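Reader: I have a model open and would like to walk through it with you. Could you take my questions one at a time?

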Amino acid sequence: MSVSVKSCYIRGLEKSPSNIFLPDNTPIFVGRSPDTGVTDAKCSRQQVRLCANYAEAIVTVQQIGIHACGFNGFKTQKDVRLVARHNDRLELLYGKYAYEIEFNPPPQAKSSTSRKRSHELAADEIGSRKMSRPDNLSNNDGEEKLSTNGIHQEMLNAGPSRFPEESDNDSGASAKWESFDSGKLMIYTASSVQHRSKIAAYDMDGTLIKPKSGLVFPKDCSDWQLLYPDIPGKLKQFHANGYKIVIFTNQAGLSTGKVKIKDFKLKIEKIVQKIGVPIQVFIAVGKIVYRKPMIGMWQFLEKQKNGGIAIDKVNSFYVGDAAGRPKNWAPGKKKDHSSADRLLALNLAVKFETPEEHFLKQKASTYKLPEFDPKSLSKTGDLCKPADAKLMLEQQEIILMVGSPGSGKSYFTRNYLKEYAHVNRDTLGSWQNCVAFVKENLQRGKSVVVDNTNSNLASRQRYTELAKKSNVPIRCFVMTTSVEHAMHNNKFRELTDPSHVPISEMIIYSHMKRYEPPTLQEGFQGIVEINFIPKFRSEEDRVLYEMYLLES
């Protein structure tokens with residue numbers, strides 16, 4: 001009788017690397033890091049993905065980095081998965097940084113006849129191919145190349161049922177880690193998670209756990225304890241009542257390297273184990289579309305990770321501590337660090353509770369929503385003030401736009417001042433080039449709109465003096481967009497326009513700090529206030545725009 005596998009490692013065959021543990025059915029990324037001792041820039045930090053399957057005594061091997069790994073003397077190909085067994089050789093880079101697969105206790109060795117027979121069976125199932133290494137086999141670059149890719153790859157291609165960590169059906173399956181969108185979204189699915197229509201969703205930090213050290217932020221991935229002792233019982237009751245338990249957590253530190261991914265994964269597994277109920281965990285890595293209050297994680301659950309079962313939002317809920325509560329919302333309590341959790345629930349139109357309300361049955365506390373409500377624009381009245389102001393004149397003129405980055409100046413000029421020549425520093429690079437452009441177009445008899453921030457008297461004076469010398473009237477159009485609204489616009493463009501270069505909040509605040517309101521005494525024939533009223537390319541864009549996109 002064969003002895004079941006208790007552990008699996010890749011054992012370093014060179015001086016510097018140490019042994020690396022491979023948990024059962026948990027993908028691990030290995031590459032350039034202090035753990036391996038590899039500093040070679042050709043070796044990616046996530047050079048190879050390894051996933052051990054203790055029941056089968058195999059390890060799936062997948063090259064993730066640009067440069068080839070070595071596998072039993074072959075060069076691997078990017079994103080092609082192979083199957084390794086006990087004592088198989090893995091090189092992080094072809095010919096360098098060698099490891100050996102080691103199961104403990106070692107699986108019972110098969111006879112050569114048995115191994116050959118299993119190879120033949122797999123070959124019959126997929127198609128007859130060879131695992132030999134012809135001397136003349138090469139690619140266009142003269143590099144050796146794995147044949148199509150031998151029996152190890154064929155067994156993997158035979159079907160996902162051989163590898164539980166890759167199964168799309170979570171119900172009853174082994175626990176698994178997955179990574180999507182180039183690592184921007186990580187998902188952990190505990191064993192026995194079932195797809196259900198009712199969702200009991202929770203934030204993690206400050207909602208289910210808190211630092212054991214008493215610090216504001218955990219000092220490491222082991223610095224945690226449950227927020228309340230009755231959390232396991234509460235979640236078990238919801239699970240028994242037909243809810244799927246889900247965690248949505250923002251973890252920007254994973255994108256900066258401040259928190260090691262392998263340490264964080266272990267932390268998640270221990271938290272789920274401590275609670276003792278099947279949980280699916282969604283982790284937003286970095287500041288992207290999945291990050292709360294944006295609904296990317298929920299949408300991924302709804303569309304791809306709930307087995308095709310529609311979510312019943314009416315009977316679902318979300319619990320989080322980032323609720324926009326002010327200082328002393330309870331005696332001695334600090335102000336919430338953001339409103340992201342409450343805003344996520346508002347964006348989703350699901351019931352929201354704080355941990356105190358949910359677990360301790362406390363009364364709802366006061367809170368404050370952001371000053372800018374993205375839905376308010378549907379109630380916006382006139383485009384400009386005065387309402388009867390003409391946007392374009394029949395006579396030649398200069399229009400000088402004034403407004404912060406993200407205030408909608410360029411959008412306004414493109415949509416409402418189409419007949420005028422447009423100029424801005426984004427395209428011409430300097431104010432000197434902009435002034436020259438205006439002068440040249442005035443000489444041609446054209447009207448011009450200057451689409452720069454023009455935040456102070458000195459920046460505007462260049463154009464008022466040119467207008468005076470050219471005997472051409474100049475008007476000033478001032479965007480009324482608030483700082484919060486401008487940052488919302490900036491985030492929306494970042495999400496919907498891949499070519500858009502994000503503008504930092506610092507730049508927007510810097511404009512407001514040096515802003516000097518324009519006056520008629522500067523030489524303007526008129527000053528018109530412009531309200532930003534967006535138009536959308538699609539209904540999907542409108543729905544997104546009317547959501548809270550910022551964490552404030």
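This is a predicted model: local features need pLDDT of at least 70, side-chain atom pairs count only at pLDDT 80 or more; totals for chains, interfaces and linings use all residues.

Reader: Which residues of strand 4 are buried on each side?

Author: Strands and helices here are DSSP runs numbered from the N terminus, a strand (E) having at least two residues and a helix (H or I) at least four. Buried means under 20% relative accessible area, exposed over 50%, and partly exposed in between, with a 1.4 Å probe and protein chains only. Strand 4 (residues 48-53) has 6 of its 6 residues buried. One side holds Val-48, Leu-50 and Ala-52, and the other holds Arg-49, Cys-51 and Asn-53.

Reader: Which residue in the hairpin of strand 4 and strand 5 takes a positive phi?

Author: Two strands count as paired if DSSP finds at least two bridges between them. Strand 4 pairs with strand 5 (residues 58-63) in the antiparallel sense over 6 bridges, and Arg-49 stands opposite Gln-62 there. Between the two strands of this hairpin lie 4 residues, and the positive phi, near 55°, belongs to Ala-57.

Reader: What is the bridge partner of Val-30 in strand 4?

Author: Strand 3 (residues 28-30) runs antiparallel to strand 4, and 3 bridges join them. In strand 4, the partner of Val-30 is Val-48.

Reader: Which strands stand at the edges of the open sheet?

Author: The open sheet has 6 strands in the order 2-1-10-9-6-7, with antiparallel pairing. Two of its strands have a single partner strand each, so one side of each is left without a neighbour in the sheet; these are strand 2 (20-21) and strand 7 (74-75).

Reader: Which residue stands opposite Val-528?

Author: Strand 25 has 2 bridges to strand 20 (residues 384-385), running antiparallel. With strand 24 (residues 474-479) it has 5 bridges and runs parallel. Opposite Val-528 stands Phe-477.

Reader: Why is the pair of Tyr-202 and Phe-317 described as it is?

Author: Rings of Phe, Tyr and Trp (its six-membered ring) pair if their centres lie within 6.5 Å; planes under 30 degrees apart count as stacked, over 60 as edge-to-face and the rest as tilted. Among the 20 aromatic pairs found in the whole structure, the rings of Tyr-202 and Phe-317 have centres 6.0 Å apart and planes at 90°, so this pair is edge-to-face. Tyr-202 is in strand 13 (residues 198-202) and Phe-317 in strand 18 (residues 317-319), 115 residues apart. Both are buried, and the pair's type is edge-to-face.

Reader: How many residues apart in sequence are the parts tied together by Phe-492 and Tyr-545?

Author: Phe-492 and Tyr-545 form an edge-to-face pair, 5.0 Å centre to centre with 85° between the planes. Both are buried. Phe-492 lies in helix 13 (residues 483-496) and Tyr-545 in helix 15 (residues 539-545), so the parts tied together are apart in sequence by 53 residues.

Reader: Which helix gives the most to the lining of the largest pocket?

Author: On a 1 Å grid over the protein atoms alone, a cavity is a set of points where a 1.4 Å probe fits but cannot get out, a pocket is an open set with protein on both sides within 12 Å along at least five of seven lines, and lining residues have an atom within 4 Å of a point. The largest pocket is lined by 49 residues, with Asp-205, Gly-206, Val-216, Phe-217 and Pro-218 nearest its centre. The most, 5 residues, comes from helix 5.

Note on methods
Residues are numbered from 1 along each chain as its sequence is written. Side-chain values use heavy atoms; hydrogens and water are left out.
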